[in-house]
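Please have a look at the structure first, and then I will go through some of the pairs one by one.

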Amino acid sequence: MLKANGETEQEALKKEKRRYMKPELKRVQLRPEEAVLGGCKISSNAGPTGTCVTCSTSGS
Amino acid sequence: MAEPFIIADLRGVAEVISSLHVRVADLTMSLVSDNADLILGVDGAAKAFVVNDSSPDVEMRVRWGDLSAERDGEKLFDSGRVWQLFSENGAYLFKFTSKLHPWFPYKTARFNHDFTRGEVALHRPYFAGEQFVYPLAYPLDELLIMNLLARGRGAELHSCGVVDEDGRGYLFIGQSGAGKTTTARLWEKERGVKILSDDRIIVRRFDGKFWMYGTPWHGEAELANASRAPLTHIFFLQQAQHNELLRKSRAESVARLFACGFPPFHDPPGLEFTARFFDDLTRAVPCDELRFVNDEKVVEFVRQQTE
C-alpha cells in the first residue's frame, strides 16, 4: 500500500527500524620514519658526494 | 636573475649553469647561484623535471657557507636522523645532516613564511670535488613541495600512479613493501600504459577535478614521469591469495590516505588542510582495497572492475 509520499508501508517501516550501529574503531598503521622523510630514498644522491645521508652508502 | 653560463673546463661533458628551474606537479622552484664557482646541475630522475620558466612559485638563492657555527632557532620538528626544522624570526630553517658528517649541517635552507622565497647554504668542504651541485637534492625538494602543497594546493601520497591507454589514472597506495613497485612493473609491460611514479604521486585539484602527477622521488623501479593524468580510481594495496576488490568507507579511506600521505607534521593548518583535501578526494573518487596476487592477471582484473 502506498503512502502519501509514495513510500510503501514496508519501506517506511524499514526506515523507522534502522538499527543503531555502534561506532567501530579501526586502526590504520602509520610508519613515522616514512611519513616524515626520515629514511633512505632509492637512487637519490642525498648529501654530499652522492652518499645517502642515512645509511652512508653511495646512491642508496 | 642570473643568465646561465657554461664552464669551458668541463670539456663539454655537461652543460652546467648558474640558474636552474625545476617543476614538480606544476610548482616551479627556481635556483640561482650566488657564487661563480658554485655550479648548479641535476642528475638522476630530477633531470626530467627541469624546465625553462620565468614565473617560479619559489625563488631561491644558493651560496657556499661555513655551517660549522650555524645557530639554532626554536626547534619545530626533528625527523630523527636526516633533517630538522627550526623557526627563526618568523622564517623557517631546515638543517640537513649526514651520518658521515654528523657534527654540523652539510646544508641549510631558509624560507619565508609561505615558502615563496628561500636561500640554500652549502658547507663547501663537504662538496669538494663535485663538478656540480643539485641544491634541492632529497629530501629538500620533497620537503619544499610538501610544505607548498599543504598551503591549499594538494597532497603527496606514498603510491604508484598508472595511466591506462585510455587515459584513466589509477592510484595504487601503500607503504613500503605493499607492492607499489610490483604493481608498476606489471602495468609497465602493458601497451599504451604510462607509469607516473612507482613510489610518490602528488594529487591536486583544478576546477573540481582531481589530477595525479608524477614526481622525481621514484622507488626501486626508478620510474619517474613529469606528466599528469586525471585520477579516476584509488586502490589501497594488499597482497593476498586471490584478486579481490573491497569498497572502503569514506572514513577508512581518509584514514588510509592520511597514513600514506606526507603532510607537514609541524604545521596544524597544513594538517587540517590535508585531512580536508583527502575527505574531498574520497567524495569524488572511488576508493577500494585491492587484494591482489603478484601476477599479470591483476591488470585485467582492475580493468574489468573499473569499466
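Let me begin with Arg250(B), which counts as partly exposed at 34% relative accessibility. Please keep in mind that this is a predicted model. The partner of Arg250(B) in a salt bridge is Asp279(B), and the closest N and O atoms of the two are 2.4 Å apart. This pair links distant parts of the chain, since Asp279(B) lies in helix α4 (residues 268–284) of chain B and Arg250(B) in helix α3 (residues 250–259) of chain B, 29 residues apart. Asp279(B) is itself partly exposed, with a relative accessible area of 24%.

Is Asp288(B) buried or exposed? Asp288(B) counts as buried because its relative accessibility is 3%, and the cut-off for buried is under 20%, whereas Arg247(B) is exposed, with a relative accessible area of 57%.

A further salt bridge joins Asp78(B) to Lys75(B), with 3.2 Å between the closest N and O atoms; Asp78(B) is partly exposed at 35% relative accessible area, and Lys75(B) is partly exposed at 44%.

Finally, there is a network of salt bridges that links Lys26(A) with Lys248(B), Glu252(B), Arg256(B), Glu289(B) and Arg291(B), and over all chains the count comes to 27 salt bridges.

Methods
Residues are numbered from 1 along each chain as its sequence is written. Chains are lettered from A and ligands numbered from 1 in the order in which they are written. This is a predicted model: local features need pLDDT of at least 70, side-chain atom pairs count only at pLDDT 80 or more; totals for chains, interfaces and linings use all residues. Side-chain values use heavy atoms; hydrogens and water are left out. A salt bridge is a side-chain nitrogen of Lys or Arg within 4 Å of a carboxyl oxygen of Asp or Glu. Buried means under 20% relative accessible area, exposed over 50%, partly exposed in between (1.4 Å probe, protein chains only). Helices (H or I, at least four residues) and strands (E, at least two) are DSSP runs, numbered from the N terminus.
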